[in-house]
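Here's a quick briefing to read with the model open beside you.

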Amino acid sequence: MKIKITGIGSYIPEKKISNTDFSEHVFLNEDGTAFGYPNEVVINKFKGITGIEHRRYAENHLNSSDLAFFASQKAIENAGIDPETIDYIIFAHNFGDVKYGTNQSDMLPSLATRVKNKLQIKNPKCVAYDILFGCPGWIEGVLQANAFIKSGMAKRCLVIGSETLSRVVDDHDRDSMIYSDGAGAAIIEASDDETGMLSYESGTYANDEASYLFFGKSYNPDLDPDIRYIKMYGRKIYEFALTTVPAAMKSCLDKSGIGIDEVKKILIHQANEKMDEAIIQRFYKLHDRPVPQDIMPMSIHELGNSSVATVPTLFDLLIRGEIENQSIQKGDILLFASVGAGMNVNAFVYRY
């Protein structure tokens with residue numbers, strides 16, 4: 001038995017934030033000192049590394065669970081199912097609902113419970129819960145759905161990735177330009193044909209790597225040090241990703257029995273354009289192959305890094321033909337992969 005995605009949906013907020021919108025920000029070094037060059041230089045360097053030109057922020061009156069609800073509605077409609085037949089709602093996020101203008105996380109009740117309530121699902125046997133797994137959370141949710149379905153505990157799962165990272169960033173940290181908001185959702189069911197998940201890989205590296213992404217105080221020493229924001233050691237994450245992600249992808253592909261030349265698209269977490277390109281280059285180098293043209297669809301240029309939402313949103317956009325010069329056909333082999341806080345790494349091979 002295999003599992004497959006029978007419905008997919010995403011919600012991309014309408015509020016577009018351009019790089020130029022950061023031109024008046026007061027960016028500071030970690031020690032609170034000012035940069036020795038203007039913001040124009042900071043922004044140009046940022047774009048050259050990350051590839052990000054725009055990102056989306058949630059409308060002020062919406063929270064992460066709202067975005068998730070919108071994406072879930074689309075996935076349910078796409079699958080053509082009755083939501084009362086969903087056995088599990090698995091909601092991947094990192095910070096819960098953070099109301100606009102605040103920095104406090106709200107996860108009571110769970111965000112999965114909130115989505116179930118918004119969907120008006122009456123069936124008490126539809127179990128709703130959240131997972132915290134960093135940016136690879138949606139993929140991990142798919143792997144959990146796979147386990148539930150194969151064990152006989154479920155026939156149909158709704159897996160969601162949603163986040164409003166714009167509400168937990170330090171405006172004085174240039175890394176704040178990376179983050180964005182969004183949601184993606186998928187209906188997962190058993191597959192009785194050749195399509196679906198063929199293999200998977202997942203792991204947590206929790207020694208020195210555990211603190212590469214963390215909550216820390218603002219770089220502005222005048223602000224309350226007890227108010228915390230998302231922080232990261234970017235260089236360490238880059239080096240970690242280049243070492244672990246290609247190896248995990250190779251292991252996953254080897255388990256599937258699929259040859260490297262059969263892979264049509266690689267859908268990787270939209271964290272950083274240069275990092276993603278380097279990961280793909282390393283992956284193909286492990287197979288002594290050149291990187292094929294157009295193998296890696298990208299959405300980061302326009303949507304930024306919305307954490308758990310990037311992979312399902314990318315898949316949704318790809319299926320709907322909304323990524324320029326990118327398309328997939330029935331039977332194509334796809335490789336999904338992600339890396340993020342934990343540090344966690346995962347992947348799965350999928351026949352579309």
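Which residue in S5 stands opposite Phe-91? In this predicted model, that residue is Asp-130.

**The five-stranded sheet**
- S4 and S5 sit in an open sheet of 5 strands, ordered S1-S7-S6-S4-S5, with mixed pairing.
- Strand S1 (2–11) and strand S5 (127–132) are the edges; each has a single partner strand, so one side of each has no neighbour in the sheet.
- Going from one strand to the next, the twist averages 20°.
- Helix H4 packs on this sheet and touches S1, S4, S5, strand S6 (156–164) and strand S7 (181–191). The direction of H4 makes about 165° with that of S6.

**The four-stranded sheet**
- Another open sheet has 4 strands in the order S8-S13-S12-S11, and its pairing is mixed too.
- Here the edges are strand S8 (196–204) and strand S11 (263–268), each with a single partner strand, so one side of each is left open in the sheet.
- Neighbouring strands in this sheet are turned by 15° against each other on average, ignoring direction.
- Strand S12 (residues 333–340) and strand S13 (residues 344–351) pair antiparallel over 8 bridges, and Val-339 faces Val-345 in S13.
- H4 (residues 137–151) shows up again: it packs on this sheet as well, touching S8, S12 and S13, at about 120° to the direction of S8.
- Helix H6 (residues 273–286) also packs on the sheet, where it touches S11 and S12; its direction makes about 140° with that of S11.

**The nonpolar cores**
- The largest nonpolar core has 54 residues, and Met-249 and Ile-266 touch the most other members.
- Elements giving two or more residues to this core are helix H1 (39–50), strand S10 (228–232), helix H5 (234–256), S11, H6, S12 and S13.
- H5 gives the most, with 9 residues.
- Setting aside neighbours within four places in sequence, Ile-266 contacts Met-249, Ile-280, Phe-283, Tyr-284, Ile-295, Met-296, Pro-297 and Leu-335.
- There's a second, separate core of 35 residues, including Ile-3, Ile-8, Ile-131 and Phe-315.

**The S11–H6 loop**
- Ala-271 is found in the loop between S11 and H6. Its relative accessibility is 13%, so Ala-271 counts as buried.
- Beyond neighbours within four places in sequence, Ala-271 is in contact with Ile-178, Asp-276, Ile-300 and Asn-305.
- Ala-271 and Val-339 are 68 residues apart along the chain, yet their C-alpha atoms are separated by 8.6 Å.

**The cysteines**
- How many disulfides does the model have? The count comes to 0.
- Cys-126 is in no disulfide, and the nearest cysteine sulfur, that of Cys-157, is 9.1 Å away. A disulfide needs the two sulfurs within 2.5 Å.
- Cys-126 is at 2% relative accessibility, so it counts as buried.
- Cys-157 is at 0% relative accessibility and therefore counts as buried.

**The annotated span**
- UniProt (unreviewed entry) places the feature "domain: Beta-ketoacyl-[acyl-carrier-protein] synthase III N-terminal" at residues 129–204.
- That span is 20% helix and 43% strand, and its end C-alpha atoms lie 20 Å apart.

Note on methods
Residues are numbered from 1 along each chain as its sequence is written. This is a predicted model: local features need pLDDT of at least 70, side-chain atom pairs count only at pLDDT 80 or more; totals for chains, interfaces and linings use all residues. Side-chain values use heavy atoms; hydrogens and water are left out. Buried means under 20% relative accessible area, exposed over 50%, partly exposed in between (1.4 Å probe, protein chains only). UniProt positions are given in the numbering used here, feature names are shortened, and annotations may be inferred rather than shown by experiment. Two strands pair if DSSP finds at least two bridges between them. Axes are lines fitted to C-alpha atoms, for helices over the stretch in contact, and angles run from 0 to 180 degrees between N-to-C directions. Contact means heavy atoms within 4.5 Å. A nonpolar core is a set of buried Ala, Val, Leu, Ile, Met, Phe, Trp, Tyr and Cys residues joined through side-chain atoms within 4.5 Å.
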